[in-house]
Amino acid sequence: MIANADPKANLAACAEEVRAAIARVLDSGRYILGPEVAAFEREFGEWLGAPSCLTVANGTDAVELALRAVGVRAGDGVVLPANTVSATIAAVVAAGGVPVFCDVDPVTMNLAPAKLRELLRSPRGAAVRAIVPVHLYGHPCAMPELVALATELGLLVVEDCAQAHGASVGSRKVGTWGHAAAFSFYPTKNLAALGDGGAVVTHDPEVAARVQALRQYGWQERYVSTGDGGRNSRLDEIQAAVLRVRLRHLDAENSRRRALAALYAGELAGTGLVLPPEAAGAVVPVFHQYVVRTPGRERLRLWLEARGIVAQALYPMPLHRQPAFARWAPAEAGELAECERCCAVVLSLPVHPALTSEDVRTVAAAVQEWVASGRR
Ligand SMILES: Cc1ncc(COP(=O)(O)O)c(C=O)c1O
C-alpha cells in the first residue's frame with residue numbers, strides 16, 4: 001500500500017535519535033514546560049526567524065490563543081477562507097471572533113488579495129478586525145499583498161501555518177509576516193510530534209507575554225492569574241524533545257517533498273489534471289499535500305484505492321456548507337465560488353519524505369492509466 005501520509009515511516013529516518021531524546025526526558029523528572037520546551041521554542045523561533053515562540057497543546061489552540069493575544073475581541077469579524085480544515089474556524093469562534101469568509105485564488109487556492117479588498121469594502125467587511133491567511137497544503141499565501149492591505153486598513157494578521165512549516169516568500173518564512181502565527185505539530189504535519197502539539201510565534205513581545213499567560217491559567221507570575229484567567233494549553237517535555245530532533249531533519253524533508261512534487265509534475269503533465277502550483281520566483285512551497293484537481297476526483301480516488309494507493313479529498317465540503325458553520329455563509333450565492341469549486345475537485349496524492357521516487361512513479365502511472373481508461 002502507498003499511504004497518503006505515513007507518520008511511522010517518516011519517523012524511521014530518526015527513530016534512534018527520537019528514542020534517545022525520549023529516554024533523556026524520562027530520566028529528567030521534568031515532564032511539562034521544562035528545559036526541552038524552552039530549547040525547542042528557542043530553536044524553532046530561530047529557524048523561522050521569529051523572535052518569540054510559545055508552544056501550546058495543539059494547532060487549534062495556537063490559532064485561538066494567537067487571535068486573542070493580538071487583540072481580537074468578542075464580536076470582531078475575522079476573515080478566513082472557506083476551503084480550509086474546520087480547525088481554523090473552530091479557533092476563530094473559540095476566540096470570540098465572527099467568521100467572515102473570503103474567496104480564494106484559483107491557482108493557489110489561498111486567500112485572494114483582490115477578493116479580500118472587495119470584501120472589506122462591502123457591508124460584510126464592516127466589522128472585520130483581523131485576517132487569517134491559511135497557507136493551505138504548504139503553499140504560501142500572497143503575504144506581501146495581504147500584509148500591505150492589512151496595514152493600509154489597520155487589520156490584524158494571524159497566519160495559520162499548520163500545513164506550511166518552512167514555506168517562504170522571498171527570504172521570509174511563513175509565520176514571520178503577520179502579527180502572530182500558529183503552527184500544529186500533529187503527527188502527519190511536516191514537523192511532527194508523536195501526539196498533539198502547537199506553537200504561536202510572533203515578533204511582538206507583548207503578544208508573546210499574553211500567549212504565555214493564556215496557555216497557563218493567565219499566570220504572568222506563578223499562582224497569580226491575570227486577564228480572563230487563561231486556560232491550560234501546554235506542551236509536554238517528551239513532545240518538545242521529539243520536535244527538537246525532527247526540526248534538525250525538516251529542511252531535508254521539505255526538500256524531499258519538493259523533489260517528489262517535481263517528479264509528479266513531470267509525470268502528470270499532459271494528463272489534463274490541474275496540478276498544484278510549484279515553486280515560482282520568490283514563492284517556495286513545502287507540499288504538505290500534493291493536490292491535483294479533477295471533476296472525476298471520486299472516481300480517481302476509488303481507482304487508486306483499488307490499486308493500493310491512498311488518496312484523500314482534503315477538504316470535500318467548504319466550511320460555509322457544514323452544519324456547524326453555515327450560519328456564517330454569505331447571503332449572495334457565488335461569493336465563494338472558487339472555494340466551492342476547489343472543494344469539489346481536490347484530491348491529495350501521496351506525498352511524504354519516506355516515499356521513494358518509484359512510489360511516486362507508481363502513483364503517477366496509475367493516474368495516467370485512469371486518464372487513458374476514459375473513466376474521467
Ligand atoms: C490549516 C490547519 N489549521 C489548524 C489545524 C489544527 O491543528 P491541530 O490538529 O493540531 O489542532 C490544522 C490541523 O489539522 C490545519 O491543517
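This is a predicted model: local features need pLDDT of at least 70, side-chain atom pairs count only at pLDDT 80 or more; totals for chains, interfaces and linings use all residues.
Me: How is empty space found in a structure?

Reply: Roll a probe the size of a water molecule over the atoms, and it shows where empty space is left. Here, the largest pocket has a volume of about 470 Å³. Its lining holds 32 residues. Val85, Gln163, Tyr186, Lys189 and Tyr315 lie nearest the centre of that pocket.

Me: Which elements give two or more residues to the lining of the largest pocket?

Reply: Look for α1 (7–12), α4 and α5. The largest share, three residues, comes from α4. By type, the lining has 13 nonpolar, 14 polar and five charged residues.

Me: Where does the ligand sit?

Reply: The ligand sits in the largest pocket. There, 13 residues surround the ligand. The closest are Gly59, Thr60, Asp160, Gln163 and Ser184. Both α4 (59–70) and α5 (86–94) supply at least two residues of this shell. The shell divides into four nonpolar, seven polar and two charged residues.

Me: What do I look for in a polar contact?

Reply: Look for a pair of N or O atoms within 3.5 Å. Take Asp160: an N or O atom in its side chain is 2.7 Å from a nitrogen atom of the ligand. With Gln163, a polar side-chain atom lies 2.9 Å from a ligand oxygen. Gly59 uses its backbone: a polar atom there is 2.8 Å from an oxygen atom of the ligand.

Me: How much of the ligand does the protein bury?

Reply: Start with the ligand taken alone, which exposes 390 Å². The protein buries 89% of that.

Notes:
Residues are numbered from 1 along each chain as its sequence is written. Side-chain values use heavy atoms; hydrogens and water are left out. A residue is near a molecule or strand if one of its heavy atoms lies within 4 Å of it. A polar contact is a pair of N or O atoms within 3.5 Å; within protein, one must be able to donate a hydrogen and the other to accept it, and residues adjacent in sequence count only if both atoms are side-chain atoms. Accessible areas come from the Shrake-Rupley method with a 1.4 Å probe; for residues, only the protein chains shown count as cover. On a 1 Å grid over the protein atoms alone, a cavity is a set of points where a 1.4 Å probe fits but cannot get out, and a pocket is an open set with protein on both sides within 12 Å along at least five of seven lines; lining residues have an atom within 4 Å of a point. A molecule sits in a cavity or pocket if more than half of its atoms lie within 2 Å of its grid points. Helices (H or I, at least four residues) and strands (E, at least two) are DSSP runs, numbered from the N terminus. Ala, Val, Leu, Ile, Met, Phe, Trp, Tyr, Cys and Pro count as nonpolar, Asp, Glu, Lys and Arg as charged, and the others, Gly among them, as polar. Grid points are joined across faces, edges and corners, and a volume is the space filled by probe spheres set on the points.
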